[in-house]
Amino acid sequence: MNKPDPHHHHDAVAKRLKRAEGHLRSILTMMEEHRPCLELAQQLHAVERAISQAKKVLIQDHIDHCLQDAVGELDQDRQRAIDEFKEITKYL
């Protein structure tokens, strides 16, 4: 029996990564065209940020859903600690 997928944001992560992949291909073309290094650096920075954001969404999704599934029902104090942990990880 298949367990439902707890990863609610995997589609959003895949979409971000596909966009970054296409953008990275365009950067390779820019390099072949001998575009200025400043333009290349700007575009590489944008790809880097997109991948970093995809990673952040993936980790947040895991924490929000998989961690909660693993610990199950908790009393109010322990749930508050888990909720605080989830909240503070948004600043990573």
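A residue is called exposed when its relative accessible area is over 50%, buried when that area is under 20%, and partly exposed in between. The close-up views below show parts of a predicted model.

**View 1. Histidine 34 in the loop between α1 and α2.** Histidine 34 belongs to the loop that joins α1 and α2. Its relative accessibility is 69%, so histidine 34 counts as exposed. The position comes just after α1. The phi angle of histidine 34 is near 60 degrees, which is a positive value in a residue other than glycine.

**View 2. Helix α1 and its buried residues.** Helix α1 is made up of 23 residues. From its first C-alpha to its last, α1 reaches 33 Å, close to the 33 Å expected at 1.5 Å a residue. Four of its residues to look for are Val13, Ala20, Ile27 and Met30, which are buried. The cover over the buried residues of α1 includes α2.

**View 3. The largest nonpolar core.** Five residues form this core: Ala20, Ile27, Met30, Leu40 and Val47. Both α1 (10–32) and α2 (37–71) supply at least two residues each. The helix that gives the most is α1, with 3 residues. In soluble globular proteins, nonpolar side chains tend to be buried together.

View 4. Not counting residues up to four places away in sequence, histidine 8 touches Asp61 and His65. The C-alpha atom of histidine 8 is also separated by 9.7 Å from that of aspartate 64, although the two residues are 56 residues apart along the chain.

**View 5. Isoleucine 59 in helix α2.** Isoleucine 59 sits in helix α2. Its relative accessible area is 40%, so isoleucine 59 is partly exposed. For scale, the C-alpha atoms of isoleucine 59 and alanine 70 are separated by 15 Å, and the two residues are 11 residues apart along the chain.

View 6. Cysteine 66, at 18% relative accessibility, counts as buried. A disulfide is a covalent bond between the sulfur atoms of two cysteines. The search of the whole structure finds 0 disulfides.

**View 7. Helix α3 from its start to its end.** Helix α3 covers residues 76–88 and has 13 residues. At 1.5 Å a residue, α3 should span 18 Å, and its end C-alpha atoms are 18 Å apart, so the two values agree. At the start of the helix, a side-chain oxygen of aspartate 75 comes to within 3.1 Å of the backbone nitrogen of aspartate 77.

**View 8. The two sides of helix α3.** The buried residues of α3 are Gln79, Ile82 and Lys86. These residues cover an arc of only 60 degrees around the axis, which means that they are on the same side of α3. The exposed residues Asp77, Glu84 and Ile88 are on the other side. What covers the buried residues of α3 includes α2.

**View 9. Glutamine 79, a buried residue of helix α3.** Glutamine 79 has its place in helix α3. Its relative accessible area is 19%, so glutamine 79 is buried, the cut-off being under 20%. Apart from its neighbours within four places in sequence, glutamine 79 is in contact with Gln68 and Leu74.

View 10. With 40% relative accessibility, lysine 90 counts as partly exposed. Setting aside residues up to four places away in sequence, lysine 90 touches Lys56 and Gln60. Isoleucine 63 is 27 residues from lysine 90 in sequence, and the two are 10 Å apart in space, C-alpha to C-alpha.

Key
Residues numbered from 1 in each chain as written. Predicted model: local features only at pLDDT ≥ 70, side-chain atom pairs only at ≥ 80, totals over all residues. Heavy atoms only, no water. Core = buried A, V, L, I, M, F, W, Y, C linked by side-chain atoms within 4.5 Å. Buried < 20%, exposed > 50% of the residue type's maximum accessible area, 1.4 Å probe, protein only. Expected span 1.5 Å × (residues − 1). Arc of directions from axis to C-beta. Contact = heavy atoms within 4.5 Å. Polar contact = N/O pair within 3.5 Å; in protein donor to acceptor, adjacent residues only side chain to side chain. Disulfide = S-S within 2.5 Å.
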